[in-house]
Amino acid sequence: MLIVTSPTTFQPVLERIAEEIERTPGRGRPADYIPALAARDPRSFGMAVAEPDGTVYGVGDWRQPFSAQSITKVFTLALGLAREGDTLWEHVGREPSGNRFNSLVQLEYENGIPRNPFINAGALVVTDRLHTRTGDASGELLAFLRAESGNPELDFDTEVAVSESAHGDRNAALGHFMASYGNIDNPVPVLLEQYFRQCSIAASCADLALATTFLARHGIRADGTRLLSRSQAKQINAIMLTCGTYDAAGDFAYRVGLPGKSGVGGGVIAVVPGRCTLCVWSPGLDERGNSVAGVAALDRFTTLTGLSVF
Ligand SMILES: NC(=O)CC[C@H](N)C(=O)O
């Protein structure tokens, strides 16, 4: 993987943030409903910033792979939207849910149409539709992440996928419930296997910051080809801002002021459109499933640099 580091621009701010985080007590608790994630050290911390030209800056454990989990929902949405276009929105909404990421309660009131693509129910619909169109949704996602990060070693973590599958009753319930409304095409077990593989992808802060740069480049991939229209890239950034951290999206927008997406592996990605992308990782989570140190670090980044969308 080609990583260009430079002692200028973002490096000093990253080092300052890492020092501040080091001195902060209380890092939350790693997710334990997926047993393979429970053993992670909550004191791990890494942060990377990538510029649209592929320059990356990093601090701490920024090259250590971690479980990307729901961060992958951004990339499957981008691939799904690129393949299908606007009919996708007949099957999944674009409103914040105000509920936990794995909640079932709204689905019955809303006829099996999930609120947005970044809660589990919505991501299951997106993966299902991408799988119908490609025959291998998780393989398509992996190829995309390898290409955008420039890291051919990026891969699924089978131990995490198996662990999640063995404790996957809630996601299975979501899948079967939506299937009962006709909103899932593939057999639910096939969909769940694709979804758990997708969530298990192990990638570093450097990998994920780089893989997100197509959103800072308004839809243009690392090789210069266009994945999304400028308008579609704006749409994804907007949904990240309003839904990317589930029932904490309001607080995230208030504190950080950037489109962002978290995962229960403790990672969070964020986009400064036209300027840079970020990925921060620390496995300790708050009660809403977002990384405590990760959100704090992004909060400090936008405060120290003035780079927010507001
Ligand atoms: N918020 C998350 O990262 C959730 C993803 C996780 N794989 C799940 O489905 O429960």
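Me: What stands opposite Ile 269 in strand 6?

Reply: In this predicted model, Lys 261 is the residue opposite Ile 269 of strand 6.

Me: Why are strand 5 and strand 6 called paired strands?

Reply: Two strands pair if there are at least two bridges between them. Strand 5 (residues 260-262) is joined to strand 6 by 3 bridges, with the two running antiparallel, so the pair meets the cut-off of at least two. The two form a hairpin with 4 residues between them, and Gly 266 in the turn has a positive phi of about 100°.

Me: What makes strand 6 largely enclosed by the rest of the structure?

Reply: Buried means under 20% relative accessible area. Of the 6 residues of strand 6, 6 are buried, so the strand is largely enclosed by the rest of the structure. Gly 267, Ile 269 and Val 271 point one way, Val 268, Ala 270 and Val 272 point the other way, and all are buried. In a regular strand, side chains alternate between the two faces of the sheet.

Me: How do you know that strand 6 and strand 7 pair?

Reply: Strand 6 (residues 267-272) and strand 7 share 6 bridges in the antiparallel sense, and the cut-off for pairing is at least two.

Me: Which other strand pairs with strand 7, and in what sense?

Reply: Strand 1 (residues 46-50) pairs with strand 7 in the antiparallel sense over 5 bridges. Gly 46 is opposite Trp 281 of strand 7.

Me: Why is strand 7 called largely enclosed?

Reply: Strand 7 (residues 276-281) has 6 of its 6 residues buried, so the rest of the structure largely encloses it. Cys 276, Leu 278 and Val 280 point one way and Thr 277, Cys 279 and Trp 281 the other way; all are buried.

Me: Why is Leu 104 called partly exposed?

Reply: Its relative accessibility is 30%. Buried would need under 20% and exposed over 50%, so Leu 104 counts as partly exposed. Leu 104 is placed in the loop between helix 3 (72-84) and helix 4 (105-109). Its C-alpha atom is 6.6 Å from that of Leu 174, which is 70 residues apart from Leu 104 along the chain.

Me: Where does the ligand sit, and which residues are closest to it?

Reply: The ligand sits in the second largest cavity. It is surrounded by 13 residues, the closest being Tyr 33, Gln 69, Ser 70, Glu 164 and Tyr 195.

How values were computed. Residues numbered from 1 in each chain as written. Predicted model: local features only at pLDDT ≥ 70, side-chain atom pairs only at ≥ 80, totals over all residues. Heavy atoms only, no water. Buried < 20%, exposed > 50% of the residue type's maximum accessible area, 1.4 Å probe, protein only. Near = heavy atom within 4 Å. 1 Å grid on protein atoms, 1.4 Å probe; cavity = no way out; pocket = protein on both sides within 12 Å on 5 of 7 lines; lining within 4 Å. Sits in = over half its atoms within 2 Å of the grid points.
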